[in-house]
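User: Could you walk me through this model, one question at a time? I would like the cut-offs spelled out as we go.

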Amino acid sequence: QQQQQQQHQQQGRYDEHQHVPRYLRAWPGPRSKFSACWLLTTVFIVAICLVQGAQSNSLLGTFQSCSNEGEEVAIQELIKWNSKCFKCACKNGFVHCDKESCPSIEDCYLLDPKLPDTCCRRCKGCIFRGVPYPSGSEWADPEDSCKTYKCVASVVTETTMKCFNQCDDENVIPPKRGECCPTCRGCKINGQVVAEGQEVVGSIDDRCMVCQCSKNQLTCAKKTCPILQCPISKQIQNPNECCPRCTEHREYMPVPGKCIFNNKVYYDKTQFTPDRCTNCTCSNGTSVCQRNTCPVLDCSPEYQEMDGCCPRCITSEVRSECIHSGVTHMNNETWNLGPCRSCRCTAGNIRCSEMRCPAVKCRSNEEKKTLPGECCPRCIETAGTCTVFGDPHFKTFDGKFFSFQGSCKYLLTADCHDNTFSIRLTNDGRGTKRSSWAKTVTLKMRGMRVNLGQKLRVKVNGSRVLLPYKGAADTPIVSIERQGEHIMLLTDLGLSLEWDGNNFLQVTAPATYKRRLCGLCGNYNGIGRDDLTSRDGNNHTDEEVWRFANSWKVGGPKACSRRVENISARPNCKQRKANTYCRWLRESEVFGNCDNRLNPNNYFDACKMDVCECPNGLCHCDSFAAYAHECRRLGVHVPEEEWRKRTKCPTGMWRRNATRLAATLPARWQQQQQQQ
């Protein structure tokens, strides 16, 4: 009858007048009234509903373009629903939105009902001695510092921690007032240094033994696992974790003054035992459970047996040495098993500890890396890249796009703080009226000058060199090598140049140069809005690019290939012609569906500009190559042969350009090239 009543309530089968299930109202005589009242007053109906475990951290919809790379984007106009729950920024030309950081509910079995106009789902908290605690919080008893409490999904677990030492006796510091465990002087475990705030598993055979470094002191203790709301069938034990987790989320309707535990309802002050080692009491809607912490054992698992709720050591022979991987270690000897794990021999038993790595979430301009000799990954700021391609189009270190067709020599980028290096770019008009292309690139660094020219020619201090080139130990140039159709130049400062021998150049600068650079590639400060800052410190608008670029001109009039510049005028051409040549950038599959990661709009605009005044008929290929190169840098698989075959753009552009230019350009320009 109770099951039928619950089913009818869930299905909404109520009489609109008497508000009782129809089957109860249909019973004859006074007995039906008594039975109905008895059922309604003694049975508590608790609705617990399965909810989806996967919580979306991102929005779905169409991509919105943006221009200020790396900057936060106001989203009230873009997101009409609960926009305050999302944070958006411009990344690779698209607005990317992520959900605001919320408390983890990954292993929470009971969720609070989702309130309107809130961002986060929350795990049900606890009320202990009249004080509310959020799920996941942990605290100590004010009268007994060794007694601890932890709230997880409306269950408070009470236990007494067990202390242990991971240092020699002379380094042990007795516990202070209000502390439970002694500490070790210096944050070292088995000879390995433990960073401030880092946790270490004291023994990989018992991962509930945990040590933590605080103020250059190491504290080690063991606590029992928190009692979980979910049944055993809904729990999972990961091999590298101390405690099991719940595998499902459930949302419940509150039952004031009563406790929900393992899908059962308990009255206030009701005692119950989930298992033979745990005693619980329902108190004000919170299940308060006591469970003893098992002692810290010195013997290895093969010498242990269960004794009631906890294991104990079986009497074994005490030895003065240990054997690990065929190597004998004496008592109290320590050794490392890599940057994350170390071991100690204690009375013939081996106890190995392991570093715990905290969860790391990196920003858009960072990447997660584990450095050599370190155990845990950290967020490392990615190197900045400045790209030059086509009829020169520039993408600065901070992601600002602009086009500038000057035909002179310019300071592309330099260390304007310590003057450790400078890179100059020489453009060539190639006989055109308004266009130009990169001709040579010159790197100056600590007395050395490297010139990267057309057709992949390389000069070092004025003398042509053959590749590969290896710099001497006392020089800043590490190497210059051919990589396919490109040249890669590496320096000992982390600066690198990639040049295709035609017009594509990419300069990569490590994050140590942030806010130290100047030139056409911008100041590398993470803000694209001020990248058009001229030599005199004025920031120019997009319409004043020529003022900005000319301020970085070097070398005088002789460095220009045109006597008169008309760089403020944009070339005009038929829209249909430009769209025909450049349409491939709109075909997603041609470039490996990269348009989901990198906005092609800037490259499409560059392509349309290049085909307006093109001396060789292949200028659109420069934008294609630059887009494909950037896609690969972002980790998208874009096979070189496939996109070139589809778009009919040949490889080795520097080889073909020489032949095409000889047939199409004025004789005077050809004479100049031969003289050079």
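This is a predicted model: local features need pLDDT of at least 70, side-chain atom pairs count only at pLDDT 80 or more; totals for chains, interfaces and linings use all residues.

User: How many helices and strands does the protein have?

Analyst: Helices (H or I, at least four residues) and strands (E, at least two) are DSSP runs, numbered from the N terminus. By that count, the protein has 10 helices and 51 strands.

User: What percentage of the residues count as buried?

Analyst: Buried means under 20% relative accessible area, exposed over 50%, and partly exposed in between, with a 1.4 Å probe and protein chains only. Of the protein's 676 residues, the share that counts as buried is 45%.

User: In which order do the six strands of the open sheet run?

Analyst: Two strands pair if DSSP finds at least two bridges between them. The edges are strand 8 (138-140) and strand 24 (271-275), each pairing on one side only. The pairing in this open sheet is mixed, and the order is 8-9-10-26-25-24.

User: Why is strand 41 largely enclosed by the rest of the structure?

Analyst: Strand 41 covers residues 437-445. It pairs in the antiparallel sense with strand 40 (residues 422-428) over seven bridges, and with strand 42 (residues 448-452) over five bridges.

User: Which residue in the turn of the hairpin of strand 41 and strand 42 has a positive phi?

Analyst: Two residues lie between strand 41 and strand 42 in this hairpin. Within the pairing, Val 441 stands opposite Leu 452. The turn residue with a positive phi, about 45 degrees, is Arg 446.

User: How is the aromatic pair of Phe 128 and Trp 139 arranged?

Analyst: Rings of Phe, Tyr and Trp (its six-membered ring) pair if their centres lie within 6.5 Å; planes under 30 degrees apart count as stacked, over 60 as edge-to-face and the rest as tilted. A search of the whole structure finds 17 such pairs. For Phe 128 and Trp 139, the centres are 5.9 Å apart and the planes are at 55 degrees, an arrangement that counts as tilted.

User: How far apart in sequence are the parts that this pair ties together?

Analyst: Both Phe 128 and Trp 139 are buried. Phe 128 lies in strand 6 (residues 126-128) and Trp 139 in strand 8, so the separation in sequence is 11 residues.

User: What kind of pair do the rings of Phe 404 and Tyr 410 make?

Analyst: Phe 404 and Tyr 410 are both buried. Their ring centres are 5.2 Å apart and the planes meet at 85 degrees, so the pair is edge-to-face.

User: With which side chain does the side chain of Asp 622 make a polar contact?

Analyst: Asp 622 is in helix 7 (residues 620-633), and it counts as buried because its relative accessibility is 8%. A polar contact is a pair of N or O atoms within 3.5 Å; within protein, one must be able to donate a hydrogen and the other to accept it, and residues adjacent in sequence count only if both atoms are side-chain atoms. At 3.1 Å, the partner is the side chain of Asn 503.

Terms used. Residues are numbered from 1 along each chain as its sequence is written. Side-chain values use heavy atoms; hydrogens and water are left out.
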